[in-house]
Amino acid sequence: MSIHTGSINAPRANFAAKAFESSLPTVSVAGSKAFESSLPTVSVAGSKVQDWEGDLLVVGAYEEDFMTESESGYQYGDAEHSGSQSRVVRVGSAPGAKAKYVSLAGLGKSTGAAAEWGPSAWQALGSSVASLAKANKAKSVAIGFLDAPTADASTLVTQVASGALLGGYESNVHKSKKSPTASQLAAINILLPGMAEADATAAVTKAGAIASGTNLTRYLVEAPPNVCTPTHIADSAKHIADKFPEVMKLKVMEKADCEAMGMGCFLGVSEASDEPPKLIHLTYTAPCADGAPPNKKIALVGKGLTFDSGGYNIKAGAGSMIELMKFDMGGSGATMGAARIIAELAPPGVEVHFIVASCENMIGSRGLRPGDILTAASGKTVEVNNTDAEGRLTLADALWYAQEKCGATSIVDTATLTGACIIALGGDIAGLFSPSDAAAAAVVAASKAAGEKVWRMPMEHSYFDQLKSSVADMKNTGARGGGSITAALFLNQFINEGVEWAHVDMAGPVWDDKAALATGWGASTLAMWAIGQGKA
């Protein structure tokens with residue numbers, strides 16, 4: 001990741017596929033079976049809230065469900081206890097209720113439950129339920145409503161359930177002991193009368209897939225660089241392919257394979273590292289009863305820098321973020337998470353290629369130097385004027401592969417590409433770049449469905465003048481101002497005419513600074529985009 005402001009070879013820990021499926025309590029728990037058992041079960045029932053028996057009953061209420069003090073003649077005492085979205089109004093026992101504890105949770109206005117920006121009220125409710133369950137050591141919870149929600153039942157169940165499943169995540173893989181305050185939640189019941197069993201099952205399955213993929217992304221991004229190497233990311237892809245062999249197949253290309261394809265930009269970045277580079281290619285093929293091929297070939301391309309020292313333009317000093325550069329593979333983490341979601345949901349009508357060019361950006365006598373000229377697989381030449389703008393070099397060859405080797409006609413790449421995007425949009429919002437209104441709109445729609453925030457940024461083509469080189473086709477960086485724009489313009493040079501392409505700079509939302517943990521951002525958005533492409 002480019003931020004304007006002798007390496008130590010740590011021992012490489014060996015974590016097997018057990019780590020890839022969720023927040024496992026210890027590394028000795030192996031396989032996808034452990035992952036499934038570590039998530040609470042989710043069910044949908046038509047029971048009345050007053051009849052449910054268990055540890056914790058959470059009742060969602062709209063703002064309109066509350067009386068004012070003047071209407072009720074009762075002094076509430078705390079004016080903030082209203083129907084605000086995700087606010088917990090009360091936890092305690094309730095006369096006539098069979099649940100041990102009862103909580104009232106605000107959903108905001110009924111007209112605003114389906115958010116156009118960020119998490120919906122249903123996702124926020126699920127997250128609140130997870131927090132309440134943890135705080136009250138509840139093993140079973142039920143979620144009900146004062147009035148029948150007007151929202152689509154399937155959307156409501158998926159979002160509440162996924163919010164609750166994700167809200168209970170804890171990072172335990174690299175700890176010697178499980179946290180004594182870890183959630184004990186084992187069962188989630190959503191009380192929603194009248195929902196068809198088939199619809200409920202599909203909604204719960206979707207929620208579980210989203211949680212699985214997002215937790216995979218979280219794990220990969222938060223894993224230390226002496227664990228999450230290019231080989232480790234390839235192993236995570238193998239885990240997905242092995243778990244879903246009916247729809248997934250994997251090809252991992254080594255350095256020699258990449259040399260044969262002329263991937264000079266990718267290999268130039270990796271040259272100083274002892275870790276071998278990996279070009280990872282997972283392919284999802286939609287099941288089709290009549291044997292006909294899917295309607296569309298698309299690609300998700302993720303930046304996979306498992307550690308970024310900056311190279312000879314080394315990250316140094318306050319604000320360099322070198323201690324966090326394990327998350328510079330956030331794009332590949334999101335791509336693998338999306339693959340996990342897609343594999344389980346098996347959407348029709350689309351062939352999805354998940355592509356990661358993974359390596360480290362280190363310093364050494366063989367390493368990339370400022371002033372070097374690299375030749376990309378496309379044949380274009382790049383003068384490297386900053387070795388810390390390495391991600392776009394790896395993406396250039398990965399984008400070429402997606403088009404020339406996979407035949408993708410629609411592509412979204414995700415990358416923790418620039419510090420400039422954090423400056424522009426902060427820590428919660430990803431930047432979206434595309435020359436195509438249709439391509440940008442599809443990503444925005446997917447992000448809304450996922451409850452993740454993206455903001456479309458300009459592709460100011462006059463800024464490409466900053467990338468002009470006197471000795472090569474282009475430079476890899478421009479001026480400090482507008483750095484995320486020039487990075488997107490650089491990538492656009494490697495997109496063929498007629499290919500729909502969007503670039504997402506997720507440098508901000510990849511990491512939660514307050515919690516010091518990965519967010520899992522992007523897995524759901526990318527999966528929703530791929531599913532939407534199959535319907536287009």
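How many of the 14 residues of H10 are buried? The count is 13, so H10 is mostly covered. Buried here means under 20% relative accessible area, exposed means over 50%, and partly exposed is anything in between, with a 1.4 Å probe and protein chains only.

Before going on, a word on where this comes from. This is a predicted model, where local features need pLDDT of at least 70 and side-chain atom pairs count only at pLDDT 80 or more, while totals for chains, interfaces and linings use all residues. Residues are numbered from 1 along each chain as its sequence is written, and side-chain values use heavy atoms, with hydrogens and water left out.

**Helices**

The expected span of a helix is 1.5 Å times one less than its number of residues.

Now look at H3, which covers residues 121–135. From its first C-alpha to its last, H3 reaches 21 Å, close to the 21 Å expected for 15 residues. H3 is mostly covered too, with 11 of its 15 residues buried. Among them are Trp122, Leu125, Val129 and Leu132. After H3 comes Lys137, whose phi is positive, near 55°.

H9 has 16 residues that should span 22 Å, and its end C-alpha atoms sit 23 Å apart, which agrees. Of those 16 residues, 14 are buried, so H9 counts as mostly covered. H9 is followed by Ala346, which has a positive phi near 50°.

**Two helices packed together**

Two packed helices are described by the angle between their axes and the distance between the axes. What is the angle between H9 and H14? H9 (residues 330–345) and H14 (residues 523–535) pack at about 50°, with their axes 8 Å apart. That makes H9 oblique to H14. The axes are lines fitted to C-alpha atoms, for helices over the stretch in contact, and angles run from 0 to 180 degrees between N-to-C directions. Under 35 degrees counts as roughly parallel, over 145 as roughly antiparallel, 65 to 115 as roughly perpendicular, and the rest as oblique.

On the H9 side, the contact (heavy atoms within 4.5 Å) includes Ala334, Gly337, Ala338 and Ile341. On the H14 side, the residues include Ala523, Leu526, Ala527 and Ala530.

**Salt bridges**

Side chains of opposite charge can pair when their charged atoms come close. The structure holds 15 salt bridges, where a salt bridge is a side-chain nitrogen of Lys or Arg within 4 Å of a carboxyl oxygen of Asp or Glu. Here are some of them:

| Pair | Closest N and O atoms |
|---|---|
| Glu271 and Lys255 | 3.8 Å |
| Lys303 and Glu390 | 3.3 Å |
| Asp437 and Arg456 | 2.8 Å |

Take the salt bridge between Glu271 and Lys255. Glu271 is in the loop between helix H8 and strand S8, and Lys255 is in helix H7, so the pair ties together parts 16 residues apart in sequence. Glu271 is partly exposed at 25% relative accessibility, and Lys255 is partly exposed at 32%. Lys255 and Glu271 also belong to a network of salt bridges with Arg366.

Are Lys303 and Glu390 buried or exposed? Lys303 is buried at 0% relative accessibility, and Glu390 is buried at 0% as well. Their salt bridge links distant parts of the chain, 87 residues apart: Lys303 is in strand S9 and Glu390 in the loop between strand S12 and helix H10.

In the salt bridge between Asp437 and Arg456, the partners are 19 residues apart, with Asp437 in helix H12 and Arg456 in strand S15. Asp437 is exposed at 57% relative accessibility, while Arg456 is partly exposed at 34%.

**Two more spots**

Thr150 lies in the loop between strand S5 and helix H4, and Thr150 is exposed at 72% relative accessible area. Thr150 and Ser110 are 40 residues apart in sequence and 8.1 Å apart in space, C-alpha to C-alpha.

Lys238 is in helix H6 and is partly exposed, at 45%. Lys238 and Lys251 are 13 residues apart in sequence, with 8.9 Å from C-alpha to C-alpha.

Note on methods:
Helix = DSSP H or I, 4+ residues; strand = E, 2+ residues; numbered from the N terminus.
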